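Me: Hey, could you walk me through this model? I'd like to start with the ligand site.

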Amino acid sequence: GLYRPGEDAVWVLDSGGVRGATANSSAAWLVQFYSSWCGHCIGYAPTWRALAGDVRDWAAAIRVAALDCAAEKNHDVCRAYDIRLYPTFRYFKAFTKEFTIGEDFKGANRELPTVRQSMIDFLQNHTEGGRPPACPALEPILPSDILSLFDNRGGHYVAVIFESNSSYVGREVILDLVPYENMVVKRTLDSDRAFLEKLGVTSVPACYLIYPNRTRGFVNIGKPLRSFFSAYLKSLPGVRKKILLSPEKPSREENVGTTVWREFDKARLYTADLESALHYLLRVELAAHRSLAGAELKTLKDFITLVAKLLPGRPPVMKLLEMLQEWLASLPLDRIPYEAVLDLVNNKMRISGLFLTSHVKWVGCQGSRPELRGYPCALWQLFHTLTVQAAARPEALVDTGFEGAPQAVLQTLRRYVRTFFGCRECGKHFEEMAQESLDTVRTPDQAVLWLWRKHNVVNSRLAGLPSEDPRFPKAPWPTPDLCPACHEEVKGLDSWDEGQVLVFLKQHYSHANLLDTYSADPGGPDEEGERGHPAPQKSRSSQHPGSLRPPDALGSQPQPSENWAHRPDVRAQSPRGAGARMEPAAAVPFLGAGFSSLDMSLCVLLYVASSLFLMVMCFFFRVRSKRWKVKHYAPGV
Ligand SMILES: Cc1cc2nc3c(=O)[nH]c(=O)nc-3n(C[C@H](O)[C@H](O)[C@H](O)COP(=O)(O)OP(=O)(O)OC[C@H]3O[C@@H](n4cnc5c(N)ncnc54)[C@H](O)[C@@H]3O)c2cc1C
């Protein structure tokens, strides 16, 4: 993840932790659900860390937390909280008993002061009885109340912040002093001018201090800022930090898993990356949508059609995609629960030879740190593969409705990104680029080049940002070492030979350039055990597309779904697995126990088919009996 327990002031939650932390908590929570592969989340992490550090002293009243939705162990929980876009910020009130997905943060922006102020608004939105007990009153007091404070008999300091109606300084100082004893902070507004003049207040914000010995007066502070007020009040003699009984923050994780580097060739494409992207897309990204209907469902159908028809994948994956595509196309319903898709992807029918890896394994998309590259990298590769394959094999799209439509692939990818891609900002940028120029695409080759050009626009925009992997710096692609012919010098400037770029893209994203090295083997030993030991390079170029795995070999392999049942990663990920039990009812049981949605749709199909058959038979016998009557009826008799 992007945050280190014990090092950062952020409360780093895990799957059990969200509910565990927020349920019936004596403090309110602000949780950022992020994805460690999302560039904007990476870019935003320093702000979140700074915010958590800035409001560290507010922890008894409200806490700043984070959960990494990209971590496999957290997939179910992010789904339960209905997280579709990253980052998503949710507030949880103190003493929440029932399961809730929280309240969305609605700020004008995500700058630190805006979020901090929204935290205060959220605290004030608690009902009187539901407010965190450690949170002092944040409402302004009246001038008459101030007069009564002058007779201070509590043996502690009382500070009163005078401020304007729109100021948050008073409330920030009140919360900053929560863990300190011998200090009570109040705030009042500057509306009663006469009263202010009487006390000698000339400008706001200002701090009026009543000492334990009841002497009083204005504090002369260098700058009338929250940090100055808070630091001064904390430094007063006798003001000490209380020993808090609130639960301790989780400490640094003991077992930070070490990942072994997989050697790869950057001139090749890896099946493991494309399959990992498909797994993530189908089992995680899509899972954020509990049911699919209307335009969403149409986008999914079109996207799966493209992948099923165009991906030069391994037979077990292609069979699965084909089945999914046919099933989606034949659906008589215009709304389906996501569970139904998942059932099929998980091959609940136990049809042998259908298999899609059930966890991510990045090869060409590995990052030098776990939070870098990965899914968005492989998604780009998948998109480029689709545009290239549509140009190279237009016949693959016959009878799909996409034939003869050169923009069809790009428009479908555009809709996919807009509807399902978790990276909120990426979707926005991609849509802007599409609106600008996608309609200029007239041929499948132009579609290949359009996506290449736009990807380079994104590369140059992201160069130098925190999401850039230092080991894989963003640069116009393909670099001269990958494709010397793509580059030429015009008036001393490096420029593209687009004809050559097209040739290169068609080769790079071709079937022949795909390597199956490191790909999950449905029947093989647990691939995790093989990490870091490069398997012999299995190139597609030496094999006939249809003969990658003989059908009888597929049939004799152990059934994948049976293997999965023993794999801890699948159990954790399954909505019916251990992880899911921690969060209430994220999964929607589909039509009762024992039947999967696929079973149900097959039943419906069978039912419709047998009704049709009966109707045809009835019709047939009726016609026959009429003919018989006509033949044997003697009118004269
Ligand atoms: C549709 C989409 C939009 C995105 N928008 C944003 C955004 O707005 N902001 C943000 O922070 N992140 C965005 N991302 C993520 C970002 O583009 C990268 O994917 C991420 O930073 C990982 O970068 P990477 O170094 O792995 O290389 P990537 O840019 O992901 O590239 C993956 C692989 O594709 C190949 N490649 C590189 N350039 C090209 C090209 N021009 N044509 C063909 N192949 C190429 C290379 O082999 C490279 O390793 C987006 C991702 C996608 C899929």
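Me: Which of the 26 residues around the ligand come nearest?
Reply: Gly-39, Pro-376, Cys-377, Cys-426 and Trp-477 do. A residue is near a molecule if its C-beta atom, placed from the backbone, lies within 6 Å of it. Bear in mind that this is a predicted model, where local features need pLDDT of at least 70, side-chain atom pairs count only at pLDDT 80 or more, and totals for chains, interfaces and linings use all residues. Residues are numbered from 1 along each chain as its sequence is written.

Me: And which helices each supply at least two residues of that shell?
Reply: Helix H2 (39-54), helix H13 (375-392), helix H15 (424-437) and helix H16 (444-462). Helices here are DSSP runs of H or I with at least four residues, numbered from the N terminus.

Me: New topic: how do H10 and H14 cross?
Reply: The axes of H10 (residues 294-310) and H14 (residues 408-419) come within 9 Å and cross at roughly 130°. Axes are lines fitted to C-alpha atoms over the stretch in contact, and angles run from 0 to 180 degrees between N-to-C directions.

Me: Which H10 residues meet H14?
Reply: Glu-296, Thr-299, Asp-302, Phe-303 and Leu-306 of H10 meet Val-409, Thr-412, Arg-415, Tyr-416 and Thr-419 of H14. Contact requires C-beta atoms, placed from the backbone, within 7 Å.

Technical notes: Contact = placed C-beta atoms within 7 Å.
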